[in-house]
Amino acid sequence: MGRTFSFTLRTPTRRIVIRPAGWEDIEGMARVSVDTWRLTYRDILPKAYLERMRLNRHESQRSRMMHAQGVHHFVAIEPAAGEVVAFVSCGPTRNAGGVTGEVYELYVQNGFQGRGIGRRLFRAARNQLASDGHESMIVWVLSENPNFGVYPRLGGWLHAKKTIRVGGASVEQTAYTWRLDRA
């Protein structure tokens, strides 16, 4: 299951369909997760750790998250290929002291980045969390992630920094928070 996809097709962003994820999207979400981690963190995390990532493990993780109460998932579908090209997962915060909602994951496949798809997914997650009654939300991102700057541009406030271990490496994480308007 070590296949990776690298899209170079430049489909107009307006044609990308954003919708709630279903069980049929689990494999595509897992593929996007593995592919984007391997690409984004190739110079940040240990090579061996990234090479050990397996699609079937990520599918199992996605399946468990689909069952989690209060957790929502949205996917971006490229209609011509019918492929999941990005996704976001959100729900109650895991441990952010005073912040009630969280975006757990937001990944956009290589070749589809920089075209507003992530912003559209972020907006879907933000709207869902507000609709669920959350008054605030948080996103944790590895500080060395080259896409790190999108969160301040989306209006996030610097909340906290901490060092974590991923694949045996110590890396810094930064949290951004937002106030949410109730929908």
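Reader: Hi! F122: buried or exposed?
Author: F122 is buried, with a relative accessible area of 3% (buried is under 20%, exposed over 50%, partly exposed in between, with a 1.4 Å probe and protein chains only). This is a predicted model, where local features need pLDDT of at least 70, side-chain atom pairs count only at pLDDT 80 or more, and totals for chains, interfaces and linings use all residues. Residues are numbered from 1 along each chain as its sequence is written, and side-chain values use heavy atoms, leaving out hydrogens and water.

Reader: Thanks! How many aromatic pairs does the structure hold?
Author: There are seven aromatic pairs (ring centres within 6.5 Å; planes under 30 degrees apart are stacked, over 60 edge-to-face, the rest tilted). In one of them, F122 and Y151 have ring centres 6.3 Å apart and planes at 55 degrees, so that pair is tilted.

Reader: Where in the chain are F122 and Y151?
Author: They link distant parts of the chain, 29 residues apart: F122 belongs to helix α4 (residues 117–131) and Y151 to helix α5 (residues 150–153). Helices are DSSP runs of H or I, at least four residues, and strands are runs of E, at least two, numbered from the N terminus.

Reader: And Y151, buried or exposed?
Author: Y151 counts as buried too, at 8% relative accessibility.

Reader: How do β5 and β7 run?
Author: Antiparallel: seven bridges join β5 (residues 136–142) to β7 (residues 169–179). For example, L142 has Q173 in β7 as its bridge partner.

Terms used:
Phe/Tyr/Trp six-rings, centres within 6.5 Å; stacked < 30°, edge-to-face > 60°. Pairing = 2+ DSSP bridges.
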